[in-house]
Amino acid sequence: MSGCAEPGGAACSPACLCVLCGLPGAGKSSLARDLPAMLGRRGWGCLVLGYDDLIPEEAFERRGEDAGVPADTQSSWRSYRQGVLRCLDRFLQSPSCAAAECGAPGGPETWDRFVRCLRESPGAPLIIILDDNFYYPSMRYEVYQLARKYSLGFCVLYLQCAMSTCLSRNRRRSRPLPDRVIEDMALRIEPPDPRKNPWEQSSLALCSTDGLSQQDGQKVMELIAAALDKPLSPVQDLSEEKDTARRICASSVLHQVDQACRRLVSQAMQDARDRDASPSGMRALAAELGQLKGRLLEDLRRRALQDGPAGLGDGVEAAVSRAVALFDRDKTDLMRRFCTVTPP
C-alpha cells in the first residue's frame, strides 16, 4: 500500500479507506455487499470490515437511559471499535501479520481475507470498506488519521435515509435494534461537513430512502477513484494534528451535550407549566436553566480545547454521559428549589 511496506521492504499496493456512515437501516450494509462486484469490474480489490460481524453482540449492551443519553456510551462497544482500528493498523504496517498476532476481534476469517486480497492482486488498488454508523466526526477522524499515517486514500459515504424507512428496515432484521436506539442516534448523528471539517472534503451524501440508483453507484466509484488518486500525506507537524483533534473532540462533545441539555430544559419547563407556575416564575426558571447550561458548556469547551481528548477522560461518549448527568443533577436541585418557593 502507498507509503506502507513489509519489514523486509516489499512494496505495498495503493489503497483507500472508505467509511460508510449513517443510521442503522439506512442501507450501509447493502451497499457494502454490492461494492466488491462494482470495484472488481475496475480491477480493484475490496475488503469489507463490517463492524457488526467483527464485534460481538453482547458488547453493545443497553443498560437503561441516563438523562436522555443512550447507555451504550457505558458499554464496551468503543473498546471493540478501537480494537478493529488497531488491528487494521497492524495489517497496514505488516500485511503478512497473522490475525492471532494482532489480537484480531471477530476471529481470523475477516483478516485472513485481508491477506488474500493483497496476495491475489499484487499491485492492484485495494479498497477497504469500514461499515459502521460512524455518527460522530471524531469516529471518522480516527480512520482519517490511519489513512494519513500510511499515505492512503480516504473518503466518506454518508447514506441519508428517512427515519420511518430506517425503522421499517430495522424491524425486518433477524436481530432488530429497539426503535429508541435509532431515534436517539438520529438526534446525535453529525453528518460529514467539509466546510466545518476540511479533512472530510472527500465525502458524498446519498439519499437511500428509495434505494440507490445506477447513477448513485457511478458517483460512488468516482469518489473512490478520486480518493485513490490523491493519497493523504503523513503529518509532519504533530502540533497541527493535536489541534485538529482538540477541535473535533470539543465540537462533538459540545454538540451532543447541548442537544441533551435542551431536551432536559424542555422537560423542566413543561413540569413547571404543569405546576401552574406564574409567567414571571417561568421566565426566572428559564433564565437560571440557561445560565446553568451555559456554564457547563463553557467549562467543557475550555477543557476540550485545552487538553483535547485526554481532558475528557474516556472519550466523547463517556464525556457526554458524565456532563449530561451533571446537568441533570443540578437541574433537579434547581427544580426542587423552584417548587419550594413557587406556590402551587
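Predicted model: local features only at pLDDT ≥ 70, side-chain atom pairs only at ≥ 80, totals over all residues.
Hi everyone. The protein exposes about 16,500 Å², and carbon and sulfur atoms supply 49% of that area. Of the 344 residues in the protein, buried ones make up 51%. The fold has twelve helices and seven strands. If you take the contacts between residues at least 6 apart in sequence, 76% of them join residues at least 24 apart.

Now, confidence. The average pLDDT is 78, and 72% of the residues score at least 70.

Let's move to strand β1, residues 15-21. Seven of its seven residues are buried, so the strand is largely enclosed by the rest of the structure. Both of its faces are covered: A15, L17, V19 and C21 are buried on one side, and C16, C18 and L20 on the other. What does β1 pair with? One partner is strand β5, residues 126-131, in the parallel sense over six bridges. Another is β6, residues 153-160, again parallel and over six bridges.

Please find L20 in β1. Its bridge partner in β5 is D131, and in β6 it is L157. L20 has 1% relative accessibility, so it counts as buried. Leaving aside neighbours within four places in sequence, L20 is in contact with several residues, including K28, L31, A32, I129, L130 and F134. Take L31: it sits eleven residues from L20 along the chain, and the two C-alpha atoms are separated by 8.9 Å.

In soluble globular proteins, nonpolar side chains tend to be buried together. Here the largest nonpolar core has 64 residues, and those with the most contacts inside it are L17, I127, L130, F154 and I224. Which residues does I224 touch? Not counting residues up to four places away in sequence, I224 touches C18, L39, W44, I127 and C155. Apart from this core lies another one, of 26 residues, among them L254, L264, L285 and A319.

In helix α8, residues 179-188, the buried residues include V181, I182, D184, M185 and R188. They cover an arc of only 160° around the axis, which puts them on the same side of α8.

The other helix is α11, residues 279-307, and K293 has its place there. Is K293 buried or exposed? The cut-off for buried is under 20% relative accessible area, and at 15% relative accessibility K293 counts as buried. As for its surroundings, K293 touches D258, C261, R262 and F327, again not counting residues up to four places away in sequence.

Definitions and conventions. Residues numbered from 1 in each chain as written. Heavy atoms only, no water. Buried < 20%, exposed > 50% of the residue type's maximum accessible area, 1.4 Å probe, protein only. Helix = DSSP H or I, 4+ residues; strand = E, 2+ residues; numbered from the N terminus. Pairing = 2+ DSSP bridges. Core = buried A, V, L, I, M, F, W, Y, C linked by side-chain atoms within 4.5 Å. Contact = heavy atoms within 4.5 Å. Arc of directions from axis to C-beta. pLDDT = per-residue confidence, 0-100. Areas by Shrake-Rupley, 256 points an atom, 1.4 Å probe, with all protein chains shown as cover.
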